[in-house]
Amino acid sequence: MRKKSLITAAFTIIALFLLFIFISFNAHLLNSVTVVPEDDDQHQFSLLIGILTRADNYDRRHFLRMVYGIQPSPAAHIDVKFVFCNLTKPEQRLLVALEILRFDDVIILNCTENMNGGKTYTYFSSLPGILPRRRRQYDYVMKADDDVFIRLAPLALSLRQLPRRDLYYGFVIPCSSTNPFVEYMSGMGFVLSWDLVEWISESDIPGNDRFGPEDKLVGRWLNIGKKAKNRFSDKPGMYDYPGTNGRCSHELIPETVAVHRLKRWDQWSVVLRFFNVTKQLVL
């Protein structure tokens with residue numbers, strides 16, 4: 001037992017050391033991931049992107065901080081936050097605390113990590129109560145997966161001409177459809193206007209229908225509540241990585257808004273090279 005405790009302590013010390021080195025190396029890049037618009041014209045708006053992930057996915061969060069931290073946006077103030085349920089391990093409480101102190105880009109929900117057990121509902125319904133009052137009214141809130149690459153400037157340009165209220169934007173399912181009213185938006189990344197986020201937090205319709213395929217549930221809530229009269233499906237700009245998901249996939253294209261199902265580092269490499277993300281620095 002003593003040997004096991006020593007091994008656990010050693011692992012924690014090593015993990016803390018590696019995390020400190022990683023954070024120190026990237027400290028000059030980011031505080032929290034906030035993208036400020038290059039201009040301040042009449043089209044400017046604010047967007048919160050909540051990336052639903054798990055507490056243990058440290059490497060993925062640090063990688064995404066870099067990916068989103070270097071992207072400018074010409075039309076919007078964009079905050080990127082990482083969203084997960086309650087912490088359950090001592091090392092999570094320590095390592096996540098370091099992230100919060102350094103980056104201030106984590107939202108911890110009062111839930112247990114689950115699949116189709118209400119995490120999406122908890123995310124949207126909690127926001128009006130947990131956001132600082134000065135930031136409470138974003139124009140839009142996005143729910144995104146941690147295996148999707150979002151191009152912030154094209155996303156902002158797509159949204160800035162759209163209504164600020166009663167909006168539901170994303171990639172409509174089924175994959176073959178271009179009608180945003182058919183069913184629901186894919187969980188790769190969809191956007192709701194702030195008034196719909198408030199409605200989710202207040203209405204019994206979503207409150208009594210939390211469990212099941214979560215992205216499909218969002219569409220059902222909106223349909224039952226006769227909400228989201230402004231619906232937009234961004235095809236072909238949003239899609240799954242080539243060859244990963246049948247008709248939801250196609251080749252990479254310049255007008256991309258989001259690429260989903262990036263499960264491996266080689267897939268991320270292909271995507272980031274295609275969009276020349278590191279063009280400012282050639283090594």
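These legends describe close-up views of a predicted model.

**View 1. Phe-45 and Tyr-140 form an edge-to-face ring pair.** A search of the whole structure finds 10 aromatic pairs. In this one, the ring centres of Phe-45 and Tyr-140 are 5.4 Å apart. Their planes meet at 75 degrees, so the pair is edge-to-face; the cut-off for that label is over 60 degrees. Phe-45 belongs to strand β2 (residues 45-52), and Tyr-140 belongs to strand β5 (residues 140-145). The pair links distant parts of the chain, 95 residues apart. Are these two residues buried or exposed? Phe-45 counts as buried at 3% relative accessibility. Tyr-140 counts as buried at 0%.

**View 2. Phe-149 and Phe-275 form a tilted pair.** The distance is 6.0 Å centre to centre, with 40 degrees between the planes. Phe-149 lies in strand β6 (residues 149-150). Phe-275 lies in the segment after α9 (265-274). The pair therefore ties together parts that are 126 residues apart in sequence. Phe-149 is buried, at 2% relative accessibility. Phe-275 is buried too, at 13%. Both rings are part of a cluster: ring pairs link Phe-63, Phe-149, Trp-265, Trp-268, Phe-274 and Phe-275.

**View 3. The largest nonpolar core has 75 residues.** Three of them touch the most other members: Ile-49, Ile-150 and Leu-159. Strand β2 gives the largest share of this core, 6 residues. What does Ile-150 contact, leaving aside its neighbours within four places in sequence? The partners of Ile-150 are Ile-49, Tyr-68, Gln-71, Met-142, Ala-144, Leu-155, Val-257 and Ala-258. Another core lies apart from the largest one. This other core has 7 residues, including Ala-55, Phe-84, Leu-87 and Leu-95.

**View 4. Leu-127 sits in helix α4.** The helix spans residues 119-130. Leu-127 is buried, with a relative accessible area of 0%. Leaving aside neighbours within four places in sequence, Leu-127 is in contact with Leu-48, Ile-107, Val-141, Trp-194 and Val-197. Take Val-141 from that list. Leu-127 and Val-141 are 14 residues apart along the chain, and their C-alpha atoms are separated by 9.4 Å.

**View 5. Cys-85 and Cys-111 form a disulfide.** The whole structure holds 2 disulfides. In this link, the sulfur atoms are 2.0 Å apart. The angle about the S-S bond is -90 degrees, and the link is left-handed. Cys-85 is in the loop between β3 (76-84) and α3 (90-103). Cys-111 is in the loop between β4 (106-108) and α4. The two cysteines are 26 residues apart. Cys-85 counts as buried at 1% relative accessibility, and Cys-111 counts as buried at 10%.

**View 6. A disulfide joins Cys-175 to Cys-248.** The S to S distance in the model is 1.3 Å. Cys-175 is in the loop between β8 (172-173) and β9 (184-185). Cys-248 is in the loop between β12 (238-240) and β13 (258-260), 73 residues apart from Cys-175. Cys-175 is partly exposed, at 22%, whereas Cys-248 counts as buried at 5%. With the bonded cysteines numbered in sequence order, the pairing is 1-2, 3-4.

Methods
Residues are numbered from 1 along each chain as its sequence is written. This is a predicted model: local features need pLDDT of at least 70, side-chain atom pairs count only at pLDDT 80 or more; totals for chains, interfaces and linings use all residues. Side-chain values use heavy atoms; hydrogens and water are left out. Rings of Phe, Tyr and Trp (its six-membered ring) pair if their centres lie within 6.5 Å; planes under 30 degrees apart count as stacked, over 60 as edge-to-face and the rest as tilted. Helices (H or I, at least four residues) and strands (E, at least two) are DSSP runs, numbered from the N terminus. Buried means under 20% relative accessible area, exposed over 50%, partly exposed in between (1.4 Å probe, protein chains only). A nonpolar core is a set of buried Ala, Val, Leu, Ile, Met, Phe, Trp, Tyr and Cys residues joined through side-chain atoms within 4.5 Å. Contact means heavy atoms within 4.5 Å. A disulfide is a pair of cysteine sulfur atoms within 2.5 Å.
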